[in-house]
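Dear colleague,

Here is the structure I said I would pass on. My notes follow below it.

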Amino acid sequence: MADIVMPRLSDTMEEGTILRWLKADGDTVSRGEELVEIETDKAAMTYESDQDGVLSRIAAEGDTLAVGEVIARVGAAGQMGEGAGATGAPAAGAADANGQRAGAGTAAGQRAAAGTAAGAPDAAAAAAVESIVEIGAPTTQSLVGGASSPAPGRAPEQASERVKASPLARRIAEDRGVDLHALAGSGPGGRIVKADVEGAAVPAAPSVGVREGERAVAAAPAAPVREDVATAKGQTTTQQLTKMRQTIARRMAESKATIPDFAISSDVDMEACVQLRTELKRISSDEAPTYNDMVVKACALALREHPRANGSYRDGALQLHSRVNVGVAVAAQDALVVPTVFDADGKALGEIAREARALAGRVRDGTITPPELGGGTFTVSNLGMYGITSFTAIINPPQAAILSVGAVQPRAVVRDGELVARHTMTVTLICDHRILYGADAAEFLARIRELLQAPASLTL
């Protein structure tokens with residue numbers, strides 16, 4: 001049989017999660033036929049079979065495996081039963097549906113254990129003890145028949161079910177005579193905690209009445225109510241991160257922990273860009289570039305003139321890239337995704353606008369592919385549409401820098417000694433100090449500002 005392994009679907013992929021199998025066990029698959037949906041560190045995509053034959057699935061939906069690990073096997077129909085003894089049948093002593101070991105929780109099984117070879121008495125004794133521990137309730141063990149029976153006063157189904165409770169909750173329940181089986185746990189996974197036991201053991205407060213005609217005696221001040229730490233935050237819901245969000249969290253944590261970054265800001269007079277966009281919207285309202293498209297184009301031209309800003313830091317060395325690929329941060333439904341505009345320095349402003357619009361649409365539709373999310377040499381992150389004037393983004397490693405873009409707003413500025421209203425935008429450049437020093441970063445940001453303040457060069 002041939003193995004099908006977890007494929008490497010992106011340049012940064014280390015592991016993948018099986019989202020959905022498109023073929024069932026025993027189905028015949030052909031090379032190139034869609035087999036499984038896999039979630040990577042960048043996107044979810046369909047993987048096609050690279051083998052012909054009958055499918056035997058190894059990984060289940062929801063499993064996360066490293067790149068190169070076996071997720072399925074494909075072989076001829078006659079081969080499907082060859083490994084059944086190793087993988088298809090449960091091993092001796094495996095847990096059954098009630099959480100008990102097969103052959104240990106029944107009288108017949110324990111008699112079989114008692115009848116083991118004389119040379120292994122310790123193993124039989126260990127199995128009997130293990131059976132008692134796993135059942136989780138007191139039992140009486142017959143040395144003759146080997147059968148176990150529930151403790152008096154406890155229902156058989158309760159005796160065979162171990163209650164999930166913390167050690168402190170168990171001790172309090174034993175001291176106060178509280179039956180744990182009658183409680184509903186409020187802890188993680190339904191686990192019974194201290195507060196659950198104390199709530200069940202507190203007696204009802206007696207009512208206090210005042211006789212008619214008598215003066216009510218002022219009650220002593222009540223002791224302050226102490227909030228239990230476990231319930232102080234109210235009901236808590238845990239949400240598991242998707243593979244993409246886990247990767248984003250890991251990479252951003254690595255960035256903040258390992259990159260010696262610094263930030264510089266500049267205000268850009270966007271009056272000329274506003275006039276240019278107004279004119280372009282008049283000509284073609286559907287395809288007029290946004291201010292962010294103009295920023296992408298200005299960054300691409302500046303990167304071509306400042307190659308260090310277009311570099312990366314890897315293994316103690318500076319890498320300079322020949323292509324200028326600008327990533328544009330897009331807010332997806334549950335993550336921040338950065339599709340790439342490749343060779344942005346050589347594309348016209350209108351072409352960048354159309355490509356960026358299409359990429360953002362595929363991100364929101366969930367149809368973006370890993371190749372469209374990789375290969376970036378610089379990133380632009382814009383929160384201006386939310387009214388944010390300035391912010392400090394996190395560098396996308398191993399890139400040299402990221403540009404944070406604020407809102408284009410009319411502000412009071414001084415021009416020729418007079419106070420006037422001008423459309424202004426604040427941009428912040430966050431740099432890796434191992435690649436860009438202060439003067440390098442200042443010259444690069446000044447060039448971006450210069451291009452935006454004279455946007456005719458962006459249309460060439």
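Helix α9 (residues 291-305) packs against helix α12 (residues 438-453) at an angle of about 135°, and their axes lie 9 Å apart. Helices here are DSSP runs of H or I with at least four residues, strands are runs of E with at least two, and both are numbered from the N terminus. Axes are lines fitted to C-alpha atoms, for helices over the stretch in contact, with angles from 0 to 180 degrees between N-to-C directions. The two helices are therefore oblique to each other (under 35 degrees is roughly parallel, over 145 roughly antiparallel, 65 to 115 roughly perpendicular, the rest oblique).

In contact terms (heavy atoms within 4.5 Å), Met-294, Val-295, Ala-298, Cys-299, Leu-301, Ala-302, Leu-303 and Glu-305 of α9 meet Phe-444, Arg-447, Ile-448, Leu-451 and Leu-452 of α12.

The model is predicted: local features need pLDDT of at least 70, side-chain atom pairs count only at pLDDT 80 or more, and totals for chains, interfaces and linings use all residues. Residues are numbered from 1 along each chain as its sequence is written, and side-chain values use heavy atoms, without hydrogens and water.

The largest nonpolar core has 52 residues, of which Val-326, Phe-378, Leu-403, Leu-429 and Leu-452 touch the most other members. The biggest contribution to this core, 9 residues, is from α9. A core is a set of buried Ala, Val, Leu, Ile, Met, Phe, Trp, Tyr and Cys residues joined through side-chain atoms within 4.5 Å; buried means under 20% relative accessible area, exposed over 50%, partly exposed in between (1.4 Å probe, protein chains only).

The protein chain has 12 helices and 21 strands.

Regards
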